[in-house]
Amino acid sequence: MHKQTGSTGGREKLRTGLVWSMVSPYFSSPPAFPGTPPVEQVEMVLRAMLCSGSRLRLRTSGYGLLPLTGRGFQVQRFSPFLVNGAGPASVVNTRSFWWSKSPPAPEPSNSSAIPASPTPAQPLGTEPNNILTDTATQSSPIPADEAVATSPASDAVLSATTDSTSAISELTNIIPPLQHGDLYDLGLVSWYSPAGWVRYSMEVLHITTGMPWFYVIVVGTLAWRLASIPLTIISTRNASRLRPFASQMKALDEKAEKADQAGKLEIMLKKKQITEKAGVTVLSSLGAPLAQVTLQLALFLGVKGMVTLPVAQLRDSGVWFLPDLTVAGPYYIMPLVVAGLANMQMSLQKRDMDPSRPEMAHVLNVFRVVTLAFTPLMAAYPDGLWLSVAAGLVVSLIQTRLLQIPSICTKLGIIPLTNRLSPIPASETFRLIRRHIQKKFSASRPPPALRLPKARPGRTSRR
C-alpha cells in the first residue's frame, strides 16, 4: 500500500512538473488557489487559457495541450519533446513553447518579412524575467504615438499609407476624356435646337483633333462665324442697293403712321415696288438678317450651356493664362477684352452709316457707354463664354474692315458709299439725350391753372 502511494505521488509530481514547465513562462510564481491540489491548480489555469484564446497550443509538432489537460493523460506523449526541450527541427515558421540551454534551430530567412529581435532562451527550471512579446503587448499596451515614433517599420507603413492616399487623391482628380455622346447624355445636344448643333460640332472637333478646349472654343467659334459670312455679305449688298431709295422709304414710313388700314396696305405695295426696282427680294432682305441673328444667338447659347452646366472637361483648358473655362476670372480680363473689341467694332461701323440717318451715330455712342457699364455684370459669367464672344468679335472686325475696301465691295456687288457720315462726339449725344428727357418731362406736366383775382370783402357794387 505504501509503495502504491509512493508511486502515485511520483506520478503526480511528474505530472505537475511537466504541465508547470509549459505554463511557467506566464507566471512569476506558481498560482495558489486555497483548497485545491497543485495539479488541479495548474490544470485549471491551463484550461482557462485554452478556452480564452487557444494561445498555448503546441504548433511546433501538431500535438495540442487540450488532450493533456485531463486527469488520465499519458507522459509518453511528451517523450519526443523532452530531448532538447524544443520541437522537431523539420517544422519551420512556427513558435516553440519549449525552453532549453541549447540554441534554437535557425529559421530560414524571409526577405519580405520585417526582422524582429530574437528572444533569449531561458534555461529549464528558472523563472523568466520578462514575459512573451505578444502577452506583454496585451497586458500593457504601448501608446500609439510612442510606438510610431520608436518603430521604423511603423514609419515605413505610415509613409506608404500617405503615398497611397496622395496617389488615390490624384487619381480621383483626373478628368476622363470626352467621348462621343457624352454631351447628348448631359442633355446638351438636340437636333431641333441650333445651340445643340453648335455643341455637337465642338464635341466632334475636340474628339477628332484632340485639341485642348481653349482652342476648340476659339476654332469652333471662328468656323461658325466664317459660315455666317455669306449671310453678312447678302445683308450688306441689300442695304447698299436700298441706300439710294432711303429718302423715299422714309417718306412712306411717315405716311404710314398717319394712314388708316387701307392706306397702310397701299404704302406697303409701294415699298415692295421700290425694293424690286433696287433688285432686292423680300426673302433675302428679311431672311438673311434673321438667319444671321439666329446663328449668332445659337453660338452664344451653345457655349453658355457648356460652361455653366459645366462640362467637367472644360475645367482643363490647356493654356496657363486661362486654366479653367467654367469659372469667372477674378481680374475682369475677358469682360474688358470683350468691351474693348465691341468698341472697336462700333468705331468701324460708323463709317458705313447712312448719311440720311444721323441718329444711328448717337445710338452707337450710347452702346459704347453701355458696354463699359455692363463689364461688372459680364464678370458673373464664366471666361469660356467671353472667350467665344471675343473670337466672334475678332471675325467681325476683320470682316467689317475688308468690306470697306472699294475693290472688294465691287467684286461682291456692294455699292460703296460716296459720302460718309461725319463723326458725332459722345458729348453731343448726351446733350441730345438730356434735351429729350427735359422735353418729355415738360410735356407730361399739367399746364398751370389760371388764377382769378379775389374780390375784397365788404365792397358791393353801386349798381
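This is a predicted model: local features need pLDDT of at least 70, side-chain atom pairs count only at pLDDT 80 or more; totals for chains, interfaces and linings use all residues.
**Entry 1: salt bridges**

I began with charged side chains and found that Lys 270 forms a salt bridge with Glu 266, their closest N and O atoms being 4.0 Å apart. Both residues sit in helix H11, four residues apart, which is about one turn of the helix. I then looked up how open the two partners are. Lys 270 is partly exposed at 38% relative accessibility, and Glu 266 is partly exposed at 46%.

How many salt bridges does the structure hold? I wrote down three. Another one joins Lys 271 to Asp 253, with 3.0 Å between the closest N and O atoms. This pair links distant parts of the chain, since Lys 271 is in helix H11 (residues 261-278) and Asp 253 is in helix H10 (residues 246-258), 18 residues apart. Lys 271 has a relative accessibility of 25%, so I marked it as partly exposed. Asp 253, at 35%, is partly exposed too.

My next stop was Arg 431, which forms a salt bridge with Glu 428; here the closest N and O atoms are 2.6 Å apart. These two share helix H18 and are three residues apart, about one turn of the helix. Arg 431 is partly exposed at 30%, and Glu 428 is partly exposed at 31%.

**Entry 2: the whole chain**

I stepped back to look at the overall make-up. The protein chain has 18 helices and zero strands. What share of the 463 residues is buried? I noted 29%. The chain exposes about 31,000 Å², and carbon and sulfur atoms supply 63% of that area. I also checked contacts between residues at least 6 apart in sequence: 66% of them join residues at least 24 apart.

**Entry 3: nonpolar cores**

I went inside next. The largest nonpolar core has 32 residues, and the members that touch the most others are Leu 183, Met 202, Trp 213, Met 306, Val 311, Leu 314 and Leu 325. At least two residues each come from helix H7 (194-209), helix H8 (213-227), H12, H13 and helix H16 (383-402). Which element gives the largest share of this core? I found that H16 does, with six residues.

Beyond its neighbours within four places in sequence, Val 311 is in contact with Leu 178, Leu 183, Leu 186, Leu 188, Met 306 and Thr 326. There is also a second, separate core of seven residues, which includes Phe 245, Ile 267, Ile 274 and Ala 278.

I followed the loop between H12 and H13. Pro 310 is found there, with helix H12 covering 282-308. A cis peptide bond joins Leu 309 to Pro 310, with omega about -10°. Tyr 332 lies in the loop between H12 and H13 as well. Its phi is near 60°, a positive value in a residue other than glycine. I flagged both features because most residues other than glycine have a negative phi, and most peptide bonds are trans. Tyr 332 is partly exposed, at 38% relative accessibility.

**Entry 4: aromatic rings**

I searched the whole structure for aromatic pairs and got six. Trp 320 and Phe 321 form an edge-to-face pair, 5.5 Å centre to centre with 85° between the planes. Is Trp 320 buried or exposed? I found it exposed, with a relative accessible area of 75%. Phe 321 is partly exposed at 47%.

Tyr 381 and Trp 386 also pair edge-to-face, with 6.2 Å between centres and 85° between planes. Tyr 381 is partly exposed at 36%, whereas Trp 386 is buried at 7%. I noticed too that ring pairs link Phe 214, Tyr 215, Trp 320 and Phe 321 into a cluster.

Helix H14 (359-373) and helix H18 (426-444) are the elements that give two or more residues to the patch. H14 provides the largest share, five residues. Ile 437 is in helix H18 and is partly exposed at 40%.

Leaving out residues up to four places away in sequence, Gln 345 touches Ser 396, Leu 397 and Thr 400.

How values were computed
Residues are numbered from 1 along each chain as its sequence is written. Side-chain values use heavy atoms; hydrogens and water are left out. Contact means heavy atoms within 4.5 Å. Buried means under 20% relative accessible area, exposed over 50%, partly exposed in between (1.4 Å probe, protein chains only). Accessible areas come from the Shrake-Rupley method with a 1.4 Å probe; for residues, only the protein chains shown count as cover. Rings of Phe, Tyr and Trp (its six-membered ring) pair if their centres lie within 6.5 Å; planes under 30 degrees apart count as stacked, over 60 as edge-to-face and the rest as tilted. A nonpolar core is a set of buried Ala, Val, Leu, Ile, Met, Phe, Trp, Tyr and Cys residues joined through side-chain atoms within 4.5 Å.
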